[in-house]
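Please read them with the structure open.

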Amino acid sequence: MPDRLTRPVSVSDVIAACRTLPEPGWHRLMHDHLRPKHAATLLPIIDVDGAASIVITQRASSLAHGGDWVFPGGRVDDTDGSHAEAARREAAEELGIDVAD
């Protein structure tokens, strides 16, 4: 896997671009699913030598979809107050990091 797929950009450039994204439309997909399962994924963006880098993990071969490269995340638990809370909790569990709002 290449270190960089495109030109390096700063973390502030990525945040600015994310603020222009439309509202998620996943609720339409979930509505049509017979047994929807709510889940949340975090896209960890870190600064590496002035360039924005994305953190991904590889699933253990013993798990479903073993060997896949994924962002941290998982099901929304009853104890989670929101999808964002679930994504932060999963990142803490999977990566051992504390994610600020």
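1. From the N terminus on, the protein chain runs α-α-β-β-β-β-β-β-α, which comes to 3 helices and 6 strands. Helices (H or I, at least four residues) and strands (E, at least two) are DSSP runs, numbered from the N terminus.

2. On sources: this is a predicted model, in which local features need pLDDT of at least 70 and side-chain atom pairs count only at pLDDT 80 or more, while totals for chains, interfaces and linings use all residues. Residues are numbered from 1 along each chain as its sequence is written, and side-chain values use heavy atoms, with hydrogens and water left out.

3. The accessible surface of the protein chain is about 8,100 Å², and 56% of this belongs to carbon and sulfur atoms. Areas come from the Shrake-Rupley method with a 1.4 Å probe; for residues, only the protein chains shown count as cover. Of the 101 residues in the protein chain, 15% are buried. Buried means under 20% relative accessible area, exposed over 50%, and partly exposed in between (1.4 Å probe, protein chains only).

4. Contacts (heavy atoms within 4.5 Å) between residues at least 6 apart in sequence join residues at least 24 apart in 47% of cases in the protein chain.

5. Helix α3 has 13 residues and reaches 18 Å from its first C-alpha to its last, close to the expected 18 Å at 1.5 Å a residue; the expected span is 1.5 Å times one less than the number of residues. The buried residues of α3 are A86, A87, R89, E90 and A91, and the buried residues of this helix pack against β1 and β6.

6. At the start of α3, a side-chain oxygen of S82 comes to within 3.4 Å of the backbone nitrogen of A84. G96 follows the helix and has a positive phi, near 70°.

7. D80 sits in the loop between β6 (73-75) and α3 (83-95). Is D80 buried or exposed? It counts as buried, because its relative accessibility is 11%. Apart from neighbours within four places in sequence, D80 is in contact with R75, E85, A86 and R89. Its side chain reaches the backbone nitrogen of D77 at 2.7 Å, and a polar contact of 2.9 Å joins the side chains of D80 and R89. A polar contact is a pair of N or O atoms within 3.5 Å; within protein, one must be able to donate a hydrogen and the other to accept it, and residues adjacent in sequence count only if both atoms are side-chain atoms.

8. R89, in helix α3, counts as buried at 18% relative accessibility. Residues up to four places away in sequence aside, R89 touches R75, D77 and D80. The side chains of R89 and E90 are joined by a polar contact of 3.2 Å.

9. Most residues other than glycine have a negative phi. D49 lies in the loop between β2 and β3 (51-54) and is exposed at 77% relative accessibility. H65 lies in the loop between β4 (57-58) and β5 (69-70) and is exposed at 60%.
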